[in-house]
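Trainee: Could you take me through one part of this model up close, and then show me what sits around it?

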Amino acid sequence: MYNHLLDTFITVVDMGSFAKASESLFISAPAVMKQMNLLEEQLDLQLIERSHQGITLTEVGQSIYEDSKKIIAFSEEAMTRADNLMKDHPWKIKIGSSLLNPSQQISSLLAAIRKKNNRFSFEIVPFDDNRDTIISVLHQLGTTYDIIAGSYTADITAKLAGYHELYPVTFTIAVPLNHPLSQKDHLEIEDLFGETLVSGKSSPNRPVGILQADLAEKYPEIKQEITSEFYDMNVFNKYDQSNKLLLSLPQWQYVQPNFVTLAVNWPYQNIFGLLYPLKPKREVKKFLEYVSLVQKENPTE
């Protein structure tokens, strides 16, 4: 019933900075800034002054801040009254699930949400995450699927979906079973010297691109093979009998039985989270609110 960018605006003002607001909202600071820029663009008003010391409200921003709280409070009261009229109507959330992004990854999170409000009902909807279908899947967010869990780095994702960050995950290495390194419990960066590490094509500012550039600069002893193929099961199947290592993620450890997934003692991370529609329906908004509530109580969920 109101522009939900106002929630971000109020949090930024209350916290005094984008960085502190990002921690409260469980999204990155650049995402907070992007939302604030979008709100100011939509309103055609400058709401805040930005500086290295933080943010300060403009006179117009102070007025919008005060009125926004009233608007949000009224909207919440109205929706509460509407909810009470439909209290027996379940909130069904359709969870997309695939081999690389299985719904089981968030089973504990779903259980925690159900424990707080058993009005939620979850339906698992399977999909194939390959180059030919993934864009179609993203376009179906909000119809066929409401939520998809996973670690996403593609630029196209940001244009087609919102992303609620849950927690960081450290990149792993998928090692073919016939490779000597498969006998190790974990890897050090030095173990990769002289080896070929396969990873997907990525923008320089994305987690994979940052990793690729950092390895090239600091560890030229590691050979890199950057494939232009969509990073799906076809890549794992292509390299399962090779002597090459694949960049991977903890949640992919069981996708191909001819590989063993090993942790690496390095700082490179991606974010695990939830894709959701750019214009989520009310049930999905309520779901995301409960996700944030569970996160605050248990940051590991």
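**A close look at Trp266**

Mentor: Trp266 touches Thr170, Phe171, Thr172, Ile173, Ile189, Leu192, Leu197, Leu211, Leu215 and Leu247, leaving out residues up to four places away in sequence. Contact here means heavy atoms within 4.5 Å. Before we go on, keep in mind that this is a predicted model, where local features need pLDDT of at least 70 and side-chain atom pairs count only at pLDDT 80 or more, while totals for chains, interfaces and linings use all residues. Residues are numbered from 1 along each chain as its sequence is written, and side-chain values use heavy atoms, with hydrogens and water left out.

The largest nonpolar core has 53 residues, and Trp266 and Phe287 are the ones that touch the most other members. A nonpolar core is a set of buried Ala, Val, Leu, Ile, Met, Phe, Trp, Tyr and Cys residues joined through side-chain atoms within 4.5 Å. Buried means under 20% relative accessible area, exposed means over 50%, and partly exposed is in between (1.4 Å probe, protein chains only). Helix H10 (residues 282-297) gives this core its largest share, six residues; helices (H or I, at least four residues) and strands (E, at least two) are DSSP runs, numbered from the N terminus. There's also a second, separate core of 17 residues, with Leu39, Leu47, Ile48 and Ile72 among them.

What about charged pairs? A salt bridge is a side-chain nitrogen of Lys or Arg within 4 Å of a carboxyl oxygen of Asp or Glu, and by that rule the count comes to eight. Take Glu40 and Arg50, one of those pairs, whose closest N and O atoms are 2.8 Å apart. Glu40 sits in helix H3 and Arg50 in strand S1 (residues 48-51), so this bridge links distant parts of the chain, 10 residues apart. Glu40 is buried, at 12% relative accessible area, whereas Arg50, at 38%, counts as partly exposed.

Another salt bridge joins Glu123 and Lys92 (3.8 Å, N to O). Since Glu123 lies in strand S4 (residues 120-126) and Lys92 in strand S3 (residues 91-97), the pair ties together parts that are 31 residues apart in sequence. Both ends count as partly exposed: Glu123 has 34% relative accessibility, and Lys92 has 43%.
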